[in-house]
Amino acid sequence: MKSVDDILKQQPNMPEPPANNGPQDNVDEQLVEEQEWLCPVCGGSGWLRQDVVVDDPNFGKLIPCECKVRENEVKRLSDLRTISNMRTMARFTFDSFEPEGIGLTEERRRNLRMAYETVFGFAQKPEGWLILLGGYGCGKTHLAAAIANYVIEQGQPALFVVTPDLLDHLRSTYSPYSTTSYDKRFDEIRTTSLLILDDLGAHSSTPWAQEKLFQIFNYRYNAQLPTVVTSNHELEEIDVRIRSRIIDPDLSRIMTILAPDFRQSGVTQGISELSSLSLHADQTFESFDLREHELDREKAENLKRAFAFARNFAATPKDWIAFSGAYGCGKTHLAASIANERVRAGEPALFVVVPDLLDHLRATFNPNSPTPYDKRFDEVRKAPLLVLDDLGTQSATPWAEEKLYQLFNYRYNARLPTIITMAKDVDLKPRLKSLILDVGRCTPFEIMAPSYRGLPTRNMGKTRKRQVSRR
């Protein structure tokens, strides 16, 4: 049996004890460094107890330290920045905006300049609500994002979010893998000091979505929190509960931007790809033939009155004109003349044959269509001047009739300048006919002249008159 001394001699050599500058000293130094960064108020715990008497109801309760409050605010702002995704919107600033537009008429230039100045003033002092309305590409999203970028540059928080994305962010909190609870996310959005909601009305109008948006609007309305809203839709199309908050004159300022899509420029602005006006470029007032030597006196006077009426309308478009008559009597020429006159004056005009219009709308249902139906229909019904040629020649399907009624009804209520051409005895549905025959909004004008096509020319007409007189 081995002795203890023999066993000890067989043990491997043990390492020398660590020197004073070993790992333990490094740990101690790290602890010292960490302690140097600890909050001097709470010692790094993030919480404090109030110094109150035992009988006080707050005795023993923890309250967050200032460092904890700052930490929570930094986290909250970080979450808001994640939702806003402002990195992709960094280029939208007031400096990069063109307040004079490109190729705009004087009226639209003034309107755009006023919108720019109004929005810039709001960014400098966010108070109340600012509602920006207008068509696609008119600049309202650029201006709204410019507010967010300006406010953030001043060191203040701002939440910019597209309305459908906002609802998606709320839905995502229901996921079992979400790191944020629904209540926390919803509270961050509705209580943020400045909320910018882009594209209100572009979301799916489910009861849940409408309820969530109303809760956000209602909370901010009652709390009078600064809010910016952009929309392509008319106020009448927005949920009535939300609309009632938006139109409060004591809280909101509503700006409608008249500029067309900035993606077009120069002479192409205001000319829609739907418009076939280029095919009627030769149909002007100067080229219109009054047929004085061809028609009898009554019909010649009637055509002259139609010409004068069309020319006056071109100078100051207001309400509706409905030209009717035989094919080739000149009604399309007069309608195109009005549109060409407005385009020469720098104003937009949309000239479209009714069956072609319906085909364009149907084409948007194709999965490969680059233009959604809503945008295309909106482009037509809100056109500053719309010429609808050959009404009544379209296929009378229920869908076609419904689309036409929606179009006519909107322009009737908005009193947007509209020119209609149709055959004399066209069979219209009662709903459309009631709008067109309202003389308070529409001036129906029947052209009595027969078709110009195939008839003798003016010189031949003169020759015939001389032959008749000789007899």
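**View 1. What lines the largest pocket of this predicted model.** Sort the lining residues by class and you get 19 nonpolar, 10 polar and 12 charged. The space inside comes to about 1300 Å³. In all, 41 residues line this pocket, and the ones closest to its centre are Arg108, Leu258, Lys382, Ala383 and Pro384. Helix α13 supplies the largest share, four residues.

**View 2. The second largest pocket, with Gly137, Cys138, Gly139, His142 and Phe262 nearest its centre.** Here the volume is about 600 Å³, and 24 residues make up the lining. Those residues split into 11 nonpolar, eight polar and five charged. Which helix gives the largest share of this lining? That's α5 (residues 140–153), with three residues.

**View 3. Where α13 meets α14.** The crossing is right-handed. On the α13 side, the contact is made by Tyr373, Phe377, Val380 and Arg381. Across from them, α14 brings in Lys403, Gln406, Leu407, Tyr410 and Arg411. Count up the classes in this contact and you have five nonpolar residues, one polar and three charged.

**View 4. Helix α6 packed against helix α8.** A quick reminder for reading this one: two packed helices are described by the angle between their axes and the distance between the axes. For α6 (residues 163–172) and α8 (residues 207–223), the angle is about 100 degrees and the axes are 11 Å apart. Are the two oblique or roughly perpendicular? With that angle, α6 counts as roughly perpendicular to α8. From α6, the residues making the contact are Thr163, Leu166, Leu167, Leu170 and Arg171. Their partners on α8 are Trp208, Ala209, Lys212, Leu213 and Ile216. By class, this contact holds seven nonpolar residues, one polar and two charged.

How values were computed
Residues are numbered from 1 along each chain as its sequence is written. This is a predicted model: local features need pLDDT of at least 70, side-chain atom pairs count only at pLDDT 80 or more; totals for chains, interfaces and linings use all residues. Side-chain values use heavy atoms; hydrogens and water are left out. On a 1 Å grid over the protein atoms alone, a cavity is a set of points where a 1.4 Å probe fits but cannot get out, and a pocket is an open set with protein on both sides within 12 Å along at least five of seven lines; lining residues have an atom within 4 Å of a point. Grid points are joined across faces, edges and corners, and a volume is the space filled by probe spheres set on the points. Ala, Val, Leu, Ile, Met, Phe, Trp, Tyr, Cys and Pro count as nonpolar, Asp, Glu, Lys and Arg as charged, and the others, Gly among them, as polar. Axes are lines fitted to C-alpha atoms, for helices over the stretch in contact, and angles run from 0 to 180 degrees between N-to-C directions. A crossing is left-handed if the near helix is turned anticlockwise from the far one by less than a right angle, and right-handed if clockwise. Contact means heavy atoms within 4.5 Å. Angles under 35 degrees count as roughly parallel, over 145 as roughly antiparallel, 65 to 115 as roughly perpendicular and the rest as oblique.
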